[in-house]
Amino acid sequence: MAIKNVIIHQVRRDKTGEKLTVQLRDTENNIDGLAAVLTEDLLDLFSNASLSIGEFQVLDDKEAQPVFEQKLKKYYDDDAKCADFAGLTKELSKRFESILVSKQLTSVKGGFLVFYQYETRGNNWLAVAILNKTDGIDVSKKLDVIASQVLDLKKLHLGAAINLTQWQTEMNSRYIRFRTGLAVEVRDYFEEFIGCQRDKEAAKHETKELKKAIRTFATNHYEFTEDQISGKVNTAHDFITEQQKEGNQVLLSQIANRVFPDQPEEFVKEARENFNLPEDIAIHKASLRAYKKISGRGNGIAISFDSDMLGREVEYKDGVLSIKEIPISLKTALEEELAARKKDLDKE
């Protein structure tokens, strides 16, 4: 993973109602001058699994191209090479400024627009992060402690990363990872700037489909018991959780290698063809919890069920556990046991 180009522009105000300060660079920043920690922080900004995912789109018109996408097509060739990175980012920064002015968003402070292109896993990405400075402490040449301000690279409030490779090849419609903040006003103007529409159901759908894919593959390709199949789902849960903690993307091929190490390619093929799963899977936290089972054992009783059944097929209230739909095998065993007991009583 390496940064190829980087440039910083300024479109910001310190206080609400103040005029925007606009300062645009004519040349790229020197990559060689980037400290290793700065490079690492920039690359980590969009690795968080909680980012929104979407595509370029103007409202519900899939044929219309937002301004941001038009600029990319103007400057990028088919190999994701930019003819003039400084020129592209200056035009995009002016677009950012025009939205703040035209919408009269006097309370939006803007910030330092950090544009950078990087490559990872064979894909080219273009990222833009809206950053601001935070108070810090520095030391002078005389070793005096002095107040200082530095770019806050640990908090991404606004930003987007476009997978240029997937966008150009149209591999899928989930090539933008972005964060727009919580305030509606901020979210709306930033999504207008990027021209992105979030796929609100992608994470929930893909998390559920991944679980189905694992269970189906485990059932069709192995002579597994139900507990062994559940174990495969549990392995996926633990791996995904591990990836999220480390800030990594959740990749289908990596899940395949962890869950089905003897048949990873076969699993990936079926997951893509039968469940329409992409390589970069969006994870929905609540749906991921359903990968784990709720279980307990004691006093001669052992109960286990998928956590997403709680509140639906299984209810728990005031210390009483109720099962609406009893599994056929359990129902058969209960009926056979009751019939045997009745038969024994009749003989007495």
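The model is predicted, so local features need pLDDT of at least 70 and side-chain atom pairs count only at pLDDT 80 or more, while totals for chains, interfaces and linings use all residues. Residues are numbered from 1 along each chain as its sequence is written, and side-chain values use heavy atoms, with hydrogens and water left out.

## Overall form

The secondary structure of the chain comprises 11 helices and 14 strands, where helices (H or I, at least four residues) and strands (E, at least two) are DSSP runs numbered from the N terminus. The radius of gyration is 27 Å, well over the 20 Å that the globule rule gives for 348 residues, so the chain is more spread out than a compact globule; the radius is taken over C-alpha atoms, and the rule is 2.2 Å times the number of residues to the power 0.38. Along the principal axes, the C-alpha trace spans about 100 × 45 × 45 Å.

Of the 348 residues, 40% count as buried, a class that means under 20% relative accessible area, with exposed over 50% and partly exposed in between (1.4 Å probe, protein chains only). The accessible surface of the chain comes to about 20,500 Å², and 48% of this surface belongs to carbon and sulfur atoms; such areas come from the Shrake-Rupley method with a 1.4 Å probe, and for residues only the protein chains shown count as cover. Among contacts between residues at least 6 apart in sequence, 61% join residues at least 24 apart, contact meaning heavy atoms within 4.5 Å.

## Salt bridges

Side chains of opposite charge can pair when their charged atoms come close. The structure holds 11 salt bridges, each defined as a side-chain nitrogen of Lys or Arg within 4 Å of a carboxyl oxygen of Asp or Glu.

Asp26 counts as exposed at 60% relative accessibility, whereas Lys90 counts as partly exposed at 22%.

Glu91 is buried, with a relative accessible area of 19%, and Lys71 is partly exposed, at 21%.

Arg341 and Glu337 both lie in helix H11 (residues 328-347), four residues apart, about one turn of the helix. Glu337 is partly exposed, with a relative accessible area of 40%. Elsewhere, salt bridges that share partners join Lys71, Lys74 and Glu91 into one network.

## Phe305

Phe305 is found in strand S12 (residues 301-306) and counts as buried at 10% relative accessibility. Leaving aside neighbours within four places in sequence, Phe305 is in contact with Lys293, Ile294, Leu310 and Val314. Phe305 and Lys94 are 211 residues apart in sequence and 55 Å apart in space, C-alpha to C-alpha.
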